[in-house]
Amino acid sequence: MKLWKTILAAAVLALAGSQAFAARTDLVIGIPLEPPHLDPTAGAAAAIDEVLYANVFEGLTRIGPNGEVLPDLAESWAISDDGKVYTFKLHTGVKFHDGSDFDAGDVKFSLDRARADNSVNAQKALFASIDTVEVVDPTTVKVTLKNPQGSFLYNLGWGDAVIVAPESADTNKEKPIGTGPFKFQSWAKGSSITLVKSDTYWGAPVFLDKAEFRIVPDAAAAVPALLSGDIQAFPFFDPDSVAQVKDDPRFKVVIGSTEGETILAINNKKPPFDKLEVRQAIAFALDRKAIIDGASAGLGVPIGSHMSPASKAYVDLTGLYPHNVDKAKELLKQAGFENGIKATLKLPPPSYARLGGEIIASQLRDVGIDLEIIPVEWAQWLDQVFTKKDYDLTIVSHTEPNDIDIYSRKDYYFNYDNPAFDKIIAELNLTSDDAKRNTLLGEAQKILADDAVVGFLYELPKVGVWDAKLQGLWENAPIQANDLTKVKWAD
């Protein structure tokens, strides 16, 4: 009897020990902004993709952690000799989270929906080159372009290009249904969004069983949440708070690059900003170093046009408008505004905008531009600034990848129009040779800088802080995402 009790006790201890050393399968991630809804194909807010991209929704292709194009729902593709026809071979056995089958019809529906006249896709221009989408068979789709487009496969990797089902497309804003390794469980408005592992996922299984995206809009609340263990990761951490955790061995502090061009956006058709001299005066008035020090804890990288310094096509144009108060005043006088200008500066919630706005307002005041600061929430910003173009100046980080073409869009909120720039973008869209593309991108950057279309400030740094035992989170942000497909706890 004593021997049996001894064996039983040893077994219990062994079981307890194995459970104690088993890796965790849950994760709470802190995010600063709540998405306005949960449909990546119907909104411009980066917060949507930061929860759903690669986790819940997938596209034909996807963007990897180093900015590379990878196969996703399309296992392979063939491109015609003229560069206009793409034939995609799709994975088989793929299901949406509601149990319905994924096939070529869903691809046709999604791409046709994104490019339709009544499309609400925030990046509708990505699909403008598509002429036809044909279902060859259930696992084959043929996409014919109007013209060759060197960035087409990359464009299909954006969050705006994910594949949705016709049965659930209209309800994805509240109940997203995709094909990804995680499925949507719940959304406690103002608090958190919870995803759980999909047991029917077609690809490699993920390590996490549950991931909760906790909404923490107050940067000051992030540090105590980390220290208490309530939240284990902040992939996008407030740079000003890094000093409080960087020497704590319990955490990793990872500083990487983003595609976030942080700009002082200018309404180019609204007087007096329709005058080149006024925009150039603003450019000379900006002290990038002071802005970077004050709004990104000195971690931002200065930019002089709309291109990430991490890109091979980047041209350093930061010397075109060095900080020069006298030059700024002279240009305003030439433009007929020696008595100054009064304008508004609408600031969305992120700290880079709110902190940067105060600094920029002070710098412009020194040259005779008096700004009224108007704080707005994201929904207001998207409505007033992005959609209705009801603004003078604003500050925002454009985190979409390789998006210099936005300045060629006639309905875009910059209200910028330059046929020479448009011609370069049109040629870029027809070019697949990397060297030629980089040359064209350099020319495009130079035009934007010469026209002082916006105040180019800095590339937003990606500052991540998370539990030292956590593995697989992205160091850089080549696309706006918190990809959890490789994330796991160390054993």
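Lys-462 lies over the face of Phe-236, at 4.9 Å from the ring centre. The criterion for a charge over a ring is that NZ of Lys or CZ of Arg is within 6 Å of the ring centre and within 35 degrees of the ring normal. A further case is Lys-189, whose charged end sits over the ring of Trp-187, 4.4 Å from its centre.

A word on the basis of these values. This is a predicted model, in which local features need pLDDT of at least 70 and side-chain atom pairs count only at pLDDT 80 or more, while totals for chains, interfaces and linings use all residues. Residues are numbered from 1 along each chain as its sequence is written, and side-chain values use heavy atoms, with hydrogens and water left out.

I turn to the strands. Helices (H or I, at least four residues) and strands (E, at least two) are DSSP runs, numbered from the N terminus. Two strands pair if DSSP finds at least two bridges between them. In general, such pairing goes through backbone hydrogen bonds, either parallel or antiparallel.

Strand E8 (residues 182-188) runs antiparallel to E9, and six bridges join them. Within this pairing, Ser-186 stands opposite Thr-194 in E9. E8 and E9 form a hairpin with three residues between them, and Gly-190 in the turn has a positive phi of about 80°. E9 also pairs with strand E10 (residues 210-215), again in the antiparallel sense, over five bridges. There, Ile-193 has Phe-213 of E10 as its bridge partner. How enclosed is strand E9? Five of the six residues of E9 (residues 192-197) are buried, so the strand is largely enclosed by the rest of the structure. Buried here means under 20% relative accessible area, exposed over 50%, and partly exposed in between (1.4 Å probe, protein chains only).

Next, the open sheet of six strands. Its order is E14-E18-E13-E17-E15-E16, with mixed pairing. Strand E14 (301-302) and strand E16 (369-375) stand at the edges with a single partner strand each, so one side of each is left without a neighbour in the sheet. E14 runs antiparallel to E18, joined by two bridges, and Pro-302 stands opposite Tyr-458 in E18.

The loop between helix H7 (288-295) and E14 contains Leu-299. Leu-299 counts as partly exposed, at 27% relative accessibility. Its C-alpha atom is separated by 7.4 Å from that of Pro-239, 60 residues apart along the chain. Ala-297 is found in the loop between H7 and E14 as well, with a phi near 55°, a positive value in a residue other than glycine. At 33% relative accessibility, Ala-297 counts as partly exposed.

Further backbone features deserve mention. Most residues other than glycine have a negative phi, and most peptide bonds are trans. Ala-54 has a phi near 70°, a positive value in a residue other than glycine. Ala-54 sits in the loop between helix H2 (46-52) and strand E2 (61-63) and is buried, with a relative accessible area of 6%. A cis peptide bond joins Pro-271 and Pro-272, with omega about 5°. Pro-272 lies in the loop between strand E13 (261-266) and helix H6 (276-285).

Now the aromatic rings. How many aromatic pairs does a search of the whole structure find? The search finds 19. Rings of Phe, Tyr and Trp (its six-membered ring) pair if their centres lie within 6.5 Å; planes under 30 degrees apart count as stacked, over 60 as edge-to-face and the rest as tilted. Phe-386 and Tyr-413 form a tilted pair, 5.7 Å centre to centre with 45° between the planes. Phe-386 lies in helix H10 (residues 378-387) and Tyr-413 in the loop between strand E17 (393-398) and helix H11 (419-429), so the pair ties together parts that are 27 residues apart in sequence. Phe-386 counts as buried at 18% relative accessibility, and Tyr-413 is buried at 0%. Both belong to one aromatic cluster, which also includes Trp-378, Trp-381 and Tyr-391.
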